[in-house]
Amino acid sequence: MARLYADTVYDLMAEGVRATSTGGESVTVEPRAVEPDRGAYAKAKDLDGPGTLAASTDYPQAAWVPAGTANYAVSSRPASDKIDRIVIHVAQGSYAGTISWFQNPAAKVSSHYVVRSSDGAVTQMVREKDRAFHAGEYNRRSVGIEHEGYVSDATWFTDAMYRSSAALTRNIADRYGIPKDRTHIVGHNQVPGTDHTDPGGHWNWTTFMRYVTGGSGGTPNPHTPESVCGSGYKVIDSAALGSAGTVHLLYNSANGNNCVATIKKTSIGTATATSAYLEVQGKARVTDSGNFAYYAGPIRAAAAGKCVKWGGKAGSAVYDSPFEHCG
C-alpha cells in the first residue's frame, strides 16, 4: 500500500494537478518529468501492475477483520454460485465506523471489503466464498466493495482510494473471469430491486474504470508521430522526454523531407509546455513551441543529402541531438 501511495504521488507529479480546494481556492501544480525512487519499497508488489493475482481466494494486500457471523452466510462460491459481478458501495460513514458496524451482530449487513479514503487501505471482512449481505438480489453472484465516505461529498473519493479499489477490483475480476466493464462492475444503485443511490453522482466512474482496465491511470494520446507528420513519413529516431513525452524524427523517402513531432504522454488533453524543432544544416532552425494538449509540431523540411539537428521538450525534460542522419 505504501508503494501504491508513492506511485500515485509520482504520477501526479508527472501529470500535473489542477483542482479546487474545499474553500474554493484554485490549485495548480505544473507537470514535470520524474524518475521514481521507491527506496525499500521498490521490492514491494505493484498493485497497479500485472502478475499480482492473489494466491488464494482472498486478497493478500488487505487486512483481515471478520464481520459478525450474523451478518453474512457461509457458502462455497464459486462452486455453489457463480461470481460474475462486483458491486461498488459508499458507506455513508467512516472507515472505522463501517468496520465496527459490520462486526455488530445487530447490523445484519456486511461487505467483503472496505476501502479507506485517505490512503486506499483495504480491510477484508467476509471471505469471497461466502455471501456478504450487501446487494440484495446480487448477494449470491457478487463481491461487494464498500468505500469510506458520503455520496453527497466528492472530497472523500480520493485518487488513492480510486487506485487501490481499482487494483482490488481488477484482481477479483481476473481471478473469476469477470469482464472489466460497466455491465459486470456496477454501483449499488444498479442492483435490481434496490432503493440505494450509492455510489452516487460524485463517484467518478470514468477515472475508476480507466484504472481498472489500464492500471496506470494515464489517458492514451490519440495521436502518433506518423499521423501528425502525414502520409509517407516513417520514424527513424526518437528520444524519451522523461515520462512526459517522446520527440520523434521521421523521414519521407518519396520527397526527401524530414519531420519532427513531440508526442505527449502525460497531461493528455490539457495544454502544457511542449516544443519540437528541426534544423537542417546550413539553414535556420524552425521551432514549434507553446502550450499544447497533445503534441508539438509537425515541423517538416527538405533535408535530402543534408545533416539535421532535432529535438524538443515536454514538462521539464529536453532533448537536443547533434547534427546527424546525414544523406
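This is a predicted model: local features need pLDDT of at least 70, side-chain atom pairs count only at pLDDT 80 or more; totals for chains, interfaces and linings use all residues.
Residues are numbered from 1 along each chain as its sequence is written, and side-chain values use heavy atoms, with hydrogens and water left out.

Select residues 2-15, helix H1, and residues 159-176, helix H3. Helices (H or I, at least four residues) and strands (E, at least two) are DSSP runs, numbered from the N terminus. The axes of H1 and H3 lie 10 Å apart, at an angle of about 125°; the two helices are therefore oblique to each other. Axes are lines fitted to C-alpha atoms, for helices over the stretch in contact, and angles run from 0 to 180 degrees between N-to-C directions.

Next, show the side chains of Leu 4, Thr 8 and Asp 11 in H1, which meet Asp 159, Arg 163 and Ser 164 in H3 (contact means heavy atoms within 4.5 Å). One residue of this contact is nonpolar, two are polar and three are charged.

Move on to the open sheet of four strands, ordered S15-S14-S17-S18 with antiparallel pairing. Strands S15 (286-292) and S18 (317-320) stand at the edges with a single partner strand each, so one side of each has no neighbour in the sheet.

Finally, select S17 (residues 308-314), which pairs with S18 over four bridges in the antiparallel sense (pairing takes at least two bridges found by DSSP). Gly 311 stands opposite Asp 320 in S18.

Notes. Angles under 35 degrees count as roughly parallel, over 145 as roughly antiparallel, 65 to 115 as roughly perpendicular and the rest as oblique. Ala, Val, Leu, Ile, Met, Phe, Trp, Tyr, Cys and Pro count as nonpolar, Asp, Glu, Lys and Arg as charged, and the others, Gly among them, as polar.
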